[in-house]
Amino acid sequence: MAKSQQTFNKIEKEKARAKKREEKKKKKDARRAEGGSDGIQFAYVDAYGNLSDTPLDPADKIKVDAEDIVLGVPKKEEGEEEDPVRQGKVSFYDSSKGFGFIIDLENNEKYFCHVSGLLDDIAENDKVSFELERGMKGMNAVRVKRV
């Protein structure tokens, strides 16, 4: 005769699942019988982003025209051109390999510098002026001159 495939452990697990389903059903029925809910049915948001359950006063509404809403960054004015030449300090330069890094004095950003972008010979800790160009891996310092 074949042995039963249902072990004691399987039977106990199935009993526990059935008990859990029954408790869940009882809780669900109790909530339905209670009828009330604990949360706010409707939530209103005031001008400051606060939630409330009372409607807002219509006199407090502010009329906004769709044309007045600006999306994105405003364009620069004609006379508001930024100086492309920046000042910096050489933090690292390897003349044998032909590259290095320059730290911008304005924002302390580090920019890659290649020997092909140099106008003068530079060394570490030199003060330099440079311009930025987009490279393959980010912004590169070009037209680098010692100050």
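**Chat about a predicted model**

Visitor: Which elements does the protein have, and how do they run?
Guide: The protein has one helix and seven strands, in the order α-β-β-β-β-β-β-β from the N terminus. These are DSSP runs numbered from the N terminus: helices are H or I with at least four residues, strands E with at least two.

Visitor: And how much of the protein is buried?
Guide: Buried residues are 16% of the 147. Buried means under 20% relative accessible area, exposed over 50%, and partly exposed in between (1.4 Å probe, protein chains only).

Visitor: New topic: how many aromatic pairs turn up?
Guide: Six, searching the whole structure. One of them is Phe92 with Phe99, a tilted pair at 6.0 Å centre to centre and 55° between the planes. Rings of Phe, Tyr and Trp (its six-membered ring) pair if their centres lie within 6.5 Å; planes under 30 degrees apart are stacked, over 60 edge-to-face, and the rest tilted.

Visitor: What about Phe101 and Phe112?
Guide: Phe101 and Phe112 pair edge-to-face, 5.8 Å centre to centre with 70° between the planes. That pair links distant parts of the chain: Phe101 is in strand S4 (residues 99-104) and Phe112 in strand S5 (residues 110-114), 11 residues apart. Ring pairs link Phe92, Phe99, Phe101 and Phe112 into a cluster.

Visitor: Is Phe101 buried, partly exposed or exposed?
Guide: Phe101 has a relative accessible area of 28%, so Phe101 is partly exposed. Phe112, at 29%, is partly exposed too.

Visitor: What sits over the ring of Phe101?
Guide: The charged end of Lys110, 5.9 Å from the ring centre. The cut-offs are NZ of Lys or CZ of Arg within 6 Å of the ring centre and within 35 degrees of the ring normal.

Visitor: Last one: where is Ile69?
Guide: Ile69 lies in the loop between strand S2 (51-52) and strand S3 (86-94). Ile69 counts as exposed because its relative accessibility is 53%.

How values were computed:
Residues are numbered from 1 along each chain as its sequence is written. This is a predicted model: local features need pLDDT of at least 70, side-chain atom pairs count only at pLDDT 80 or more; totals for chains, interfaces and linings use all residues. Side-chain values use heavy atoms; hydrogens and water are left out.
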